[in-house]
Amino acid sequence: MQANKKVVILGGGVGAIWAAWQLTSFPDWRERFDITLYQMGWRLGGKCASGRNAQHGHRIEEHGLHIWSGFYDNAIKAMKACYAEAQPLGGVFPSFDAAFKPFNNVVLAEQVGGKWIPWHLQPPGNDAVPGEGGLFLSPWDYACMGLGWLETLLDDAAQGQPQLWQRPHAELPAWLLEAFAGWIPAGAAPASHLQHLARFARSLPKDTRKHPEAGHRALLFLLAAAVGELHGAYAQVAAGGDLARRLFNMLDLGLACIKGMIVDKVVLEGFDVIDQYEISDWLARHGAHPQSLDSACARGIYDYAFGFSRGHADYPHRAIAAGTSLRGMCRLMFTYKGSYFFKMQGGMGDTVFTPFYKVLRQRGVKFEFFHKVSAVEADAESNSIARIRIQRQVELNAAEYQPLVRVVGLDCWPSEPDYAQLRQGAELRRKGVDLESSWADWPGAGELQLECGRDFDQVILGIPVGALAELCGDLVKKDAGWQVMVEQVKTTRTLACQLWLKQGSKALGWPLGQTILTCYEENFDTWADMSQLLPVEEWPAGHEPRSVAYFCGPMADDEQQPPYSDHAYPQTQYAAVRDQAKQWLRSHARWMWPALPKPDGEPDWDQFESVTGDSGEALFEQQYFRANIDPAERYVLSVPGSTQFRLRSDQSGFDNLFLAGDWTRNGINAGCVEAAAMSGMRAAAGLAGEHLEIVGETDNVLAPVQDRSRPAELLSADAPNLPWPGNMVYGLLQTSGANALLTFPREVVQRMLPRGLELDAQTLTAADQHPVVLFFGWQDKVRPNFSPIGMDYLEFIISVPYVRHADPALRARVPGPFIYMPQLYLNRLSPVWLGVYVYGYRKALAQISADGNDYMVRQLKTSAPIVAASYKKAGMTGGAGDFPYLRAVQQAYSLPLISRTLLGTWLYSYFDFALGQALIQPIEMTIKIHNGQAAGLTPGVYQVPSIRKGSLGGFFMSTAASISNPLQSHALGRRIRQLAQNPHPRLLPFG
């Protein structure tokens, strides 16, 4: 009988715990896996760990403010199941519903005319059950829901302020009415442009693949008219008071979002296609008014996600990727279930990590506390993790550490270790060593070295990305994907404070009840009244607080992080947060709590509660302050352009390594519990080789991630975006096939080009080499766009990217670079004729067979072999953005084509692979090129690694494609010239 695979999980945060939960939820896991989790320090939770301070009424001390959103489908589903399983074990809340309470009382702080005013929001609850059901919304669904929401806002406002918001009836152009007859119901009342816009959007098919070509042009016309009306009324609206200003901001930002989603093809290709842009810049580019971009609506996006580079909370440092931000806003607004937010009724440690710890331990997962990972090392010969170096921080007095303490009936994690269980406990207590800090002045108790094959077979890495450059330096050196990931996925420091007060918020002067407030003064821009936690704290008689307030915000980075030998550094940062909080209260607390300041303006420090008996400022200094400065505590950001460099949980680049954390590519790609939970689930499924549906992991349910050797076919309404009338006719097809990018000596590739073309500069290979792309494909349903009937055939293509005109005059007119195809072999005659006589492509008939994972091309008459390929899967199927190496070479597949017709003229065409919708399967390939038959390529056998391993890698692609018609050649040449003069950074240059 085969021994169980030994699985080690490094770290104990949300991603790691959800990975352990999912792995132990597969039916036969006990027969397959032996699982050990290694955790630094004395408690689970990572950045979400909380502790109970026994010296201060067993108060809850958190890393920051943690509120669960109603769209956390995966996290809530697991949490509910965990509570059900944990009940017999005791020491936990009786159910999810007891531990998490709905909360919808949200306030945005607005600064108007130099004064702060509250914008009170109370998003309505709904009948959906949190954690149940799926998510079946595409970006187009979100766009339509957004338009419906904006329409409702405007209709409601027109009832209350008709002088401002009663929009004039729109006169629609004849071309729009004629092109789309029937979308205005008979007898419908006259409508504004926004009402027409929402109505027209609802008339289009839910499936964007079936949208008529002119549909988006009509939408953009109506959008432009609606925005023009709105901006034209700005002066009048600005004088209309708070309601008018807020409505203007929501309408303005909403219309900019809808316009951008259509113009930039988000509705067709998903949110990631705009992640190279910063969200404020992207909104401005699509017409958002400057006042709206500085409104509480916009600022709330940044405060919610600590979305500033290097912790500097100002406009120039705004840094959230547009696609990630827009997806997050849509999920938050339109997919919450039951309630907009949920508040935990205990600390996050008590509420989340205690039940998971108890259940996982009961299931058989082993926990090793006080084990700090110091290095993860790759094998020198194979593509796997060879060893893990771990510092044993302490020696235990018993075989197993017991981490929990009972407080008010709940088993909780203490704020410091139980020193009585540690051999060095007295010394640790005396020196005040923080075993969770990289700056700790403590030598540890020796090194533990885990070896692959002896101590582990598979690894789940659940340590945050901020620490990985140090811990995984060996992986970074070996794998370019890791190198760009640790460089491009950014993090920030955060700060927090918790204040226990002798008065409730109402007595202090806050009129809006128990609240979550954001968009207020930096750096403590977010405040939550968390007084619901007081019943589970254990304050001595006479010292019971009446309220507790949590504050958090970004914390500016140091110019240079000090060395870990600077053991005093954490205390200096703690003191800095305490002093910032004190000054912040002096300057800004009066607006929130008018009763807190004394007549001289100084806060009444005696309003704060403590068990120490202190008074004055000493009472304030007994409150809880936190600087999250450790590499593993830093909050992961979603800066523009970084999504493409995130690694998927099941695609680490190393065969026995899986990743778990909100820093991976997970479908949300932002710092939150749900992202980490999804990542942990995917890591577990990848390790176990199990199929697992994860709610919200992909943007568009019309193109789900699947695992198959030949990915499913996709359709698309997309076509080259060239001027009318040439774009009335173009080609459509389903294209699937194995792709390989090989390199050959530059002089060999130059000989493959016809007279008049030469190789252009490129950065994919060394200067004396040049790339060549080989495509072993299935072309299905090849047809003109107006025909439902197409033809199928096999096609082998040799293409050379990065070529240009040799004639400087021609190059000035149409600069390129281009793709030239020196040879194409097909097994059907009619597309050969079409290619040769219409496009000038070098097509020829051949014998082609494709059987399973083998592909063979032979001469038509002699059956002499030309080229053969075999391939095998080397990873899970995903989108193009899931593979950083593919992103690095995508231009080699996306350049316009150049060919020479039989009349000797140059013809430009564009083959749009729609990479944003393509399904990609990493494959390893063996290619054999035979003598003299493959356009002059050097004969030999070529081993091609998968695209997971490097940019010169193999992948199977399945996508809907389109190709321009020859009559568009002139317009395409003009477009190439325009783009060369004014480049527009997009996934595809002509989409």
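Biologist: Let's start with Arg387: at what relative accessibility does it sit, and does that count as buried, partly exposed or exposed?

Modeller: Keep in mind that this is a predicted model. Buried means under 20% and exposed means over 50%, with partly exposed in between. Arg387 has a relative accessibility of 24%, so it counts as partly exposed.

Biologist: Which residue does Arg387 meet in a salt bridge at 3.5 Å, N to O?

Modeller: Look at the two strands: Arg387 is in strand E12 (residues 385–392), and its partner is in strand E15 (residues 447–451), so the pair ties together parts that are 64 residues apart in sequence. The side chain that meets Arg387 at 3.5 Å, N to O, belongs to Glu451.

Biologist: And which residues are linked with Arg387 and Glu451 in a network of salt bridges?

Modeller: The Arg387 to Glu451 bridge, at 3.5 Å, is part of a network. Along with those two, the network takes in Glu377, Arg389 and Glu447.

Biologist: How many salt bridges does the count come to?

Modeller: The rule wants a side-chain nitrogen of Lys or Arg within 4 Å of a carboxyl oxygen of Asp or Glu. Arg318 and Asp294 make it in, with their closest N and O atoms 3.9 Å apart. By this rule the count comes to 45.

Biologist: Staying with Arg318 and Asp294, how many residues apart are they?

Modeller: Arg318 is buried at 10% relative accessibility, whereas Asp294 is partly exposed at 47%. Their salt bridge links distant parts of the chain: Arg318 is in the loop between H15 and H16, and Asp294 is in the loop between helix H14 (290–293) and H15. The separation is 24 residues.

Biologist: What about Asp28, which residue does it form a salt bridge with?

Modeller: Asp28 is partly exposed, at 31% relative accessible area. The closest N and O atoms are 3.5 Å apart, and the partner is Arg32.

Biologist: Over to Lys366. Which side chain does it reach through a polar contact of 2.6 Å?

Modeller: Lys366 lies in strand E10 (residues 366–368) and is partly exposed, with a relative accessible area of 37%. Leaving aside neighbours within four places in sequence, its contacts include Ile35, Thr36 and Leu37. The 2.6 Å polar contact is with the side chain of Asp34.

Biologist: Is His216 buried or exposed?

Modeller: His216 is in helix H9 (residues 215–232). Leaving aside neighbours within four places in sequence, it is in contact with His211, Ile262, Val267 and Leu268. Its relative accessible area is 15%, under the 20% cut-off, so His216 is buried.

Biologist: Now the backbone. What is the phi of Phe306?

Modeller: Phe306 lies in the loop between helix H15 (296–304) and helix H16 (322–334), and it counts as buried at 14% relative accessibility. Although Phe306 is not a glycine, its phi is positive, at about 45 degrees.

Biologist: Where does Lys781 lie, given its positive phi near 55 degrees?

Modeller: Lys781 is a residue other than glycine with a positive phi. It counts as partly exposed, at 39% relative accessibility. As for its place, Lys781 lies in strand E26 (residues 769–784).

Biologist: Which residue does a cis peptide bond join to Glu522?

Modeller: The residue you want is in the loop between strand E18 (516–518) and strand E19 (526–529). Omega of the bond is about 5 degrees, and the residue joined to Glu522 is Asn523.

Biologist: What is omega for the peptide bond from Gly816 to Pro817?

Modeller: Pro817 lies in the loop between helix H27 (808–813) and strand E28 (818–826). The bond from Gly816 is cis, with omega near 5 degrees.

Biologist: Last one: which element gives the most to the lining of the second largest pocket?

Modeller: That pocket has a volume of about 1,400 Å³. Of its 42 lining residues, the closest to the centre are Ser415, Glu416, Gly432, Asp434 and Gln571. The lining divides into 15 nonpolar, 12 polar and 15 charged residues. With 4 residues, the element that gives the most is E21.

Conventions. Residues numbered from 1 in each chain as written. Predicted model: local features only at pLDDT ≥ 70, side-chain atom pairs only at ≥ 80, totals over all residues. Heavy atoms only, no water. Buried < 20%, exposed > 50% of the residue type's maximum accessible area, 1.4 Å probe, protein only. Contact = heavy atoms within 4.5 Å. Polar contact = N/O pair within 3.5 Å; in protein donor to acceptor, adjacent residues only side chain to side chain. 1 Å grid on protein atoms, 1.4 Å probe; cavity = no way out; pocket = protein on both sides within 12 Å on 5 of 7 lines; lining within 4 Å. Points joined across faces, edges and corners; volume = space filled by probe spheres on them. Nonpolar A, V, L, I, M, F, W, Y, C, P; charged D, E, K, R; others polar.
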